[in-house]
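I set out to look up the fold, the surface and the pockets of this protein. My entries follow the order in which I consulted the structure.

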Amino acid sequence: MDDRMITVFKLPADGSLKAIPEEIPDKLEVLQQYVEGYIEIVTLDRNSDDGTSLVMIVNDCGLIWGLPVNPIATALYQGYTEAETAICGNAIICNADAEGELQDIAPYTGLALLGLAMDIRRRKSEYDQRGS
């Protein structure tokens with residue numbers, strides 16, 4: 001990583017939605033500061049045409065450290081991967097190229113993802129209410 005900037009969407013653990021992309025330095029320290037610990041880069045979706053991926057940067061130990069569950073990040077992660085694991089703590093969404101270098105996320109992609117996350121949360125809530 002060098003001194004370049006990348007455009008990302010931040011997903012705070014409190015579940016608040018800011019549908020505004022933000023430019024941050026592409027530096028490990030900045031990513032670690034936002035997720036409050038060591039990072040893990042999780043692939044959500046891969047474009048087979050050019051090898052780019054939609055990725056989420058999360059706290060590698062968020063669950064172990066007891067960080068709060070991030071409802072938006074969890075909805076996106078579970079929606080893309082069908083995993084049941086929760087994402088705990090703050091998260092960042094951006095793209096990565098075929099070599100794993102972080103890349104800008106397009107504003108419309110972020111907005112679509114936030115809409116998808118809200119829909120997943122709504123459907124899960126309806127499902128949970130029916131199951132009770």
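**Burial and basis of the model**

I found that 38% of the 132 residues of the protein count as buried; buried means under 20% relative accessible area, exposed over 50%, and partly exposed in between (1.4 Å probe, protein chains only). I noted that this is a predicted model, in which local features need pLDDT of at least 70 and side-chain atom pairs count only at pLDDT 80 or more, while totals for chains, interfaces and linings use all residues. Residues are numbered from 1 along each chain as its sequence is written, and side-chain values use heavy atoms, with hydrogens and water left out.

**Fold and dimensions**

I listed three helices and six strands, in the order β-β-α-β-β-α-β-β-α from the N terminus. Helices (H or I, at least four residues) and strands (E, at least two) are DSSP runs, numbered from the N terminus. The C-alpha trace spans about 50 × 35 × 25 Å along its principal axes. I then looked up the contacts (heavy atoms within 4.5 Å): among those between residues at least 6 apart in sequence, 56% join residues at least 24 apart.

**Surface**

The protein exposes about 7,500 Å², and carbon and sulfur atoms supply 50% of this area. Accessible areas come from the Shrake-Rupley method with a 1.4 Å probe; for residues, only the protein chains shown count as cover.

**Largest pocket**

I recorded about 200 Å³ of space in the largest pocket. On a 1 Å grid over the protein atoms alone, a pocket is an open set of points where a 1.4 Å probe fits, with protein on both sides within 12 Å along at least five of seven lines; lining residues have an atom within 4 Å of a point. Grid points are joined across faces, edges and corners, and a volume is the space filled by probe spheres set on the points.

Which of the 14 lining residues are the closest to the centre of the largest pocket? I noted Glu40, Asn59, Asp60, Thr85 and Ala86. Strand S3 (39-46) and strand S4 (53-59) are the elements that give two or more residues to the lining.

**Two residues with positive phi**

Most residues other than glycine have a negative phi. I looked up Glu36, in the loop between helix H1 (28-35) and S3, and found its phi near 65°. Glu36 is partly exposed, at 47% relative accessible area. Glu82, in the loop between helix H2 (71-81) and strand S5 (91-96), has a phi near 65° and counts as exposed, at 72% relative accessibility.
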